[in-house]
Amino acid sequence: MKKQITKTISVLRLFVMLSIGAGLAIGGLVASAVSPLEAQVSGPSAKVGEIYALQAAFHRAKTTQDINLMMSLWDVNGTLNVQGDPNSPYVGFDRLKSFWQGSGSFTHRRFSLVPSFKTQIDVQGDQAWLYFECHDVGDFDLPTRSIAADTFLAGTVRKVNGTWVFGDMTAGRAFPLSIDHYYFP
């Protein structure tokens, strides 16, 4: 019975995702008309899905400490502005790589989570606005686990040679936790 309920829930989730995708393809959701408790996306569903995959890969790279994956997500001439960091901005492949290798996600074991309902995506051709938050759990597989960091990443992503990459991004604190407050711009 439990397996059947789980399967039914999975099918319902798939139906909802397909319905959302169809709605996006028909005309898109207008960000200002969406409740703050839902992802705010506009643009063709295929591009929106590719950008969701970009942010998912970002969180996977942080969680698995895969620097090669992380760097594959950035334009080689990308920029990362980190609020409150006197060494910011980090521009270009080498500076970005150095930043990520020294970041908490790559120097400590963390599980990086994102509240997907706060994600914002606005696609304009081969460029898009993207906002998401990262809530990192330190010692995630131990009883002593705790929230290690609350941050956001926001800015311009672009399609380069058929792949969406981070272009001109800003990072900062996403604290205190909030259901409907966005920390940038």
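Figure 1. What you're looking at is a predicted model, so local features need pLDDT of at least 70 and side-chain atom pairs count only at pLDDT 80 or more, while totals for chains, interfaces and linings use all residues. Residues are numbered from 1 along each chain as its sequence is written, and side-chain values use heavy atoms, with hydrogens and water left out.

**Figure 2. The whole chain, inside and out.** Of the 185 residues, 39% count as buried; here buried means under 20% relative accessible area, exposed means over 50%, and partly exposed is in between (1.4 Å probe, protein chains only). The chain exposes about 10,400 Å², and 60% of that comes from carbon and sulfur atoms. Those areas come from the Shrake-Rupley method with a 1.4 Å probe, and for residues only the protein chains shown count as cover. Take the contacts (heavy atoms within 4.5 Å) between residues at least 6 apart in sequence: 56% of them join residues at least 24 apart.

**Figure 3. The largest nonpolar core.** A nonpolar core is a set of buried Ala, Val, Leu, Ile, Met, Phe, Trp, Tyr and Cys residues joined through side-chain atoms within 4.5 Å. The largest one has 32 residues, and F58, W74, L80, W100, V157 and F166 touch the most other members. Elements giving two or more residues to this core are α2 (45-64), α3 (67-72), β2 (74-82), α4 (93-102), β5 (120-124), β6 (127-138), β7 (146-160) and β8 (163-173). The most comes from α2, with six residues.

Figure 4. Leave out residues up to four places away in sequence, and L80 touches W74, S88, P89, Y90, L96, F99, W100, L153, M169, T170 and A171.

**Figure 5. Helix α4 and its buried face.** L96, F99 and W100 are the buried residues of α4. Looking down the axis of α4, they fall within an arc of 95°, so they line one face of the helix; the arc is that of the directions from the helix axis to the C-beta atoms. Over on the other side of α4, D94 and G102 are exposed. The cover over the buried residues of α4 includes α2, α3, β2, β3 (90-91) and α5.

**Figure 6. Strand β8 and its partners.** Eight of the 11 residues of β8 are buried, so this strand is largely enclosed by the rest of the structure. Two strands pair if DSSP finds at least two bridges between them. β8 pairs with β2 in the parallel sense over five bridges, and T79 stands opposite D168 in β8. β7 and β8 run antiparallel, joined by 10 bridges, with K159 opposite W164 in β8. β7 and β8 also form a hairpin with two residues between them, and N161 in the turn has a positive phi of about 50°.

Figure 7. Side chains of opposite charge can pair when their charged atoms come close. A salt bridge here is a side-chain nitrogen of Lys or Arg within 4 Å of a carboxyl oxygen of Asp or Glu, and the count comes to six. One of them joins the side chains of K47 and D126 (3.5 Å, N to O). K47 sits in helix α2 and D126 in the loop between β5 and β6, so the pair ties together parts that are 79 residues apart in sequence. D126 is partly exposed, at a relative accessible area of 45%. K62 and D136 meet in a salt bridge too (3.1 Å, N to O). With K62 in helix α2 and D136 in strand β6, this pair ties together parts that are 74 residues apart in sequence. K62 is buried, at 4% relative accessibility, and D136 is buried at 2%.

**Figure 8. A salt bridge between two loops.** D141 forms a salt bridge with R109, and their closest N and O atoms are 2.4 Å apart. The two are 32 residues apart, with D141 in the loop between β6 and β7 and R109 in the loop between α5 (104-107) and β4 (110-113). D141 counts as partly exposed at 49% relative accessibility, and R109 is partly exposed with a relative accessible area of 39%.

Technical notes. Helices (H or I, at least four residues) and strands (E, at least two) are DSSP runs, numbered from the N terminus.
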